[in-house]
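Dear colleague,

Please find below the structure that I am handing over to you. My notes on it follow directly after.

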Amino acid sequence: MRGAPTILHLDMDAFYASAEQAAKPSLRGKPVIVGGLGPRGVVATASYEARVFGVHSAMAMAQARRLCPNAAFLIPRFALYREVSDAVMTLLHTLSPLVEPLSLDEAFVDLEAGGTEPTVEAARAVAERLRADIKSATGLTGSVGLAGSKMLAKIGSEQAKPDGLVVIEPGTERDLLGPMSVRTLPGVGPATAETLRRAGIHTVAETREAGEAELVRLLGRAHGASLFLMAEGRDERPVVAERDAKSISVEDTFDVDLTDRTRVQLEIARLADRCVRRLREAGRSGRTVVIKVRRYDFSTLTRSETLRGPTDDPAVVREAAARLIDGVDTTAGVRLLGVGVSGLADYTQEDLFAQAAQAAQAAQAAQAAQAAQTAQTAHEGVGDAGRPPGPERPESAGEGAGEASEDAEKPRRWLPGSDVRHAEYGAGWVQGSGVGRVTVRFEEPWSPPGRVRTFPVDDPALQPADPLPLLRPDADADAEAEEAEGPDPDPGAVAFSAPDPAADPVPAETPGPEADQEVVGDLAPEEAAGPDPGWASAPHPDEGMCPGPEEAEGPDGPAPGAGGPEPGRGPGQPVTSRP
């Protein structure tokens, strides 16, 4: 334990949901839930507006929909989250070389290693400056805890939420921890908590009063001794800048239980390839291949096979996983499959030899294929000697056209929250989709809430896009240009400035109909526009946020009182409805 609160713990506030609200002005101040949108999806993050209804992380998405049906349900956009996380971690590294990331939005920092004076005032000043820098760089907020140990710093950041700072001064640990639940202590999960509950231990104070000997008897020597030290407020764990990964794995949960044996084997092969890609990206190889199978009744089993040496060969991992799944009965149904590699190591000489042999085999196969193609070309040249030169034969072109048409006929899937760009209307995001249509709200992180327009799902003008930054890239350049130009020479002119991305641009009153609907054809605005659907309609389990009654048709045709599309409208124009 340190004599000064120089260990800092940063935890971004409702990170995924806050990033979505910052990127989508129309969602600010409204409940947002990010996670898997399928029937077996799980909540990754819920905004504070959604938490009021009882929604929390790791909750089943179906239950979240029942608790907060009017929320915006969005898919995660990890590309954006990683970009914001990189900016935050860069700020942390300016404070100290010892930064221990725990996830994209959470990290420990050893301020003393960065030269911060070991006093309460100095540590508090650094934490306040960090919070301001994060707000300026990302537009998001984070909560900070300062203490003399990692455990207490994390507890402090939890107490500081949202957007706060808590300093736990040395000497106050026991009084702070005493009334807290034993689940507050690191290493106490549901099983340990249940063991302690049966022994009449519920709080940290009761854990401390039970004594080390009793905890060792209940939990074993290692766990019991460490838990007693935690209850005393003593945590000597250092901040570690780099933690070595012990395994790399991937897994998928399926919307419908898999019963077909061939499908299970194909999914295992696909997961094995994904696992090897992650293995190679980390520059590692592994010796033990592990599969995970969760059956229809939630019973979970694992099987593993240890190879003769470390490998990153996808064929080797795929074959080992296939052998393991062959020994598992999956006929009753499988809801989750996973493949992992443990026993990680750096690339070995054996791996290099294996890769060289594989490359040699690939080269031989390529040479054989080239020789066969040359022989076939010569044979066709002899057979077509009497044919005049010209384009490719019709049947070959027909085959290619058939494949192209098959790809073109495949409908595109628009998931709620996805970034899109329209050739005419610019950047936006998918608000909902269904019955052959997709509803898009066109807005940018630095713009006011945008308009909603509906298109056919196969509209060629609508394409997927990369996420926009949360802050306008040219904001600094605009500010410098305004300073260089000086004040407006016309005192009667009205100045318009870009809205602050950190502020809530949603007006106090609900915008009028003209803010959210589009005029089509010859209709006057009061005839074509309808009221803002807002978020009043409950989303469909498979469609995320459903459009309002005036934005999309139901499965049985237009909603009562809603007209169909204009007769003269072309396929590239938005679909609207008459109120």
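Leaving aside residues up to four places away in sequence, Leu 271 touches Val 250, Glu 251, Asp 252, Leu 337, Gly 338 and Val 339, where contact means heavy atoms within 4.5 Å. Leu 271 belongs to helix α12 (residues 261–281). Helices (H or I, at least four residues) and strands (E, at least two) are DSSP runs, numbered from the N terminus. With a relative accessible area of 0%, Leu 271 is buried; buried means under 20% relative accessible area, exposed over 50%, and partly exposed in between (1.4 Å probe, protein chains only). One of its contacts, Val 339, is 68 residues apart from Leu 271 in sequence, yet the two lie 5.9 Å apart in space, C-alpha to C-alpha.

Please note that this is a predicted model, in which local features need pLDDT of at least 70 and side-chain atom pairs count only at pLDDT 80 or more, while totals for chains, interfaces and linings use all residues. Residues are numbered from 1 along each chain as its sequence is written, and side-chain values use heavy atoms, with hydrogens and water left out.

A second residue that I examined is Thr 300, in strand β11 (residues 300–311). Its relative accessibility of 39% makes Thr 300 partly exposed. Not counting residues up to four places away in sequence, Thr 300 touches Lys 292, Val 293 and Arg 294. Between the C-alpha atoms of Thr 300 and Val 334, which are 34 residues apart along the chain, the separation is 9.8 Å.

I turn now to the chain as a whole. It contains 17 helices and 17 strands. Of its 579 residues, 40% are buried. Among contacts between residues at least 6 apart in sequence, 64% join residues at least 24 apart. The chain exposes about 30100 Å², of which carbon and sulfur atoms supply 53%; accessible areas come from the Shrake-Rupley method with a 1.4 Å probe, and for residues only the protein chains shown count as cover.

Several helix pairs were also examined. Two packed helices are described by the angle between their axes and the distance between the axes. Axes are lines fitted to C-alpha atoms, for helices over the stretch in contact, and angles run from 0 to 180 degrees between N-to-C directions. Angles under 35 degrees count as roughly parallel, over 145 as roughly antiparallel, 65 to 115 as roughly perpendicular and the rest as oblique.

The axes of α4 (residues 78–93) and α5 (residues 120–138) come within 10 Å and cross at roughly 150 degrees. The two helices are therefore roughly antiparallel. In their contact, Val 84, Ala 87, Val 88, Leu 91 and Leu 92 of α4 meet Leu 130, Asp 133, Ile 134, Ala 137 and Thr 138 of α5. By class, these are 8 nonpolar, 1 polar and 1 charged residues. Here Ala, Val, Leu, Ile, Met, Phe, Trp, Tyr, Cys and Pro count as nonpolar, Asp, Glu, Lys and Arg as charged, and the others, Gly among them, as polar.

Helix α4 also packs against α1, at an angle of about 100 degrees and with the axes 10 Å apart. This pair is therefore roughly perpendicular. Phe 15, Tyr 16, Ala 19, Glu 20 and Ala 23 of α1 make the contact with Phe 78, Leu 80, Tyr 81, Val 84 and Ser 85 of α4. These residues divide into 8 nonpolar, 1 polar and 1 charged.

For α10 (residues 212–219) and α11 (residues 221–231), the axes come within 7 Å and cross at roughly 140 degrees. These two helices are therefore oblique to each other. Glu 212, Leu 215, Val 216 and Leu 219 of α10 form the contact with Arg 221, His 223, Gly 224, Ala 225, Leu 227 and Phe 228 of α11. The residues involved comprise 6 nonpolar, 2 polar and 2 charged.

Helix α6 is largely enclosed by the rest of the structure, because 8 of its 11 residues are buried. Among them are Lys 150, Met 151 and Leu 152. In the loop between α6 (150–160) and β8 (165–167) lies Pro 162, and the peptide bond from Lys 161 to Pro 162 is cis, with omega near -10 degrees. Asp 163, in that loop between α6 and β8, has a positive phi of about 55 degrees although it is not a glycine.

With kind regards
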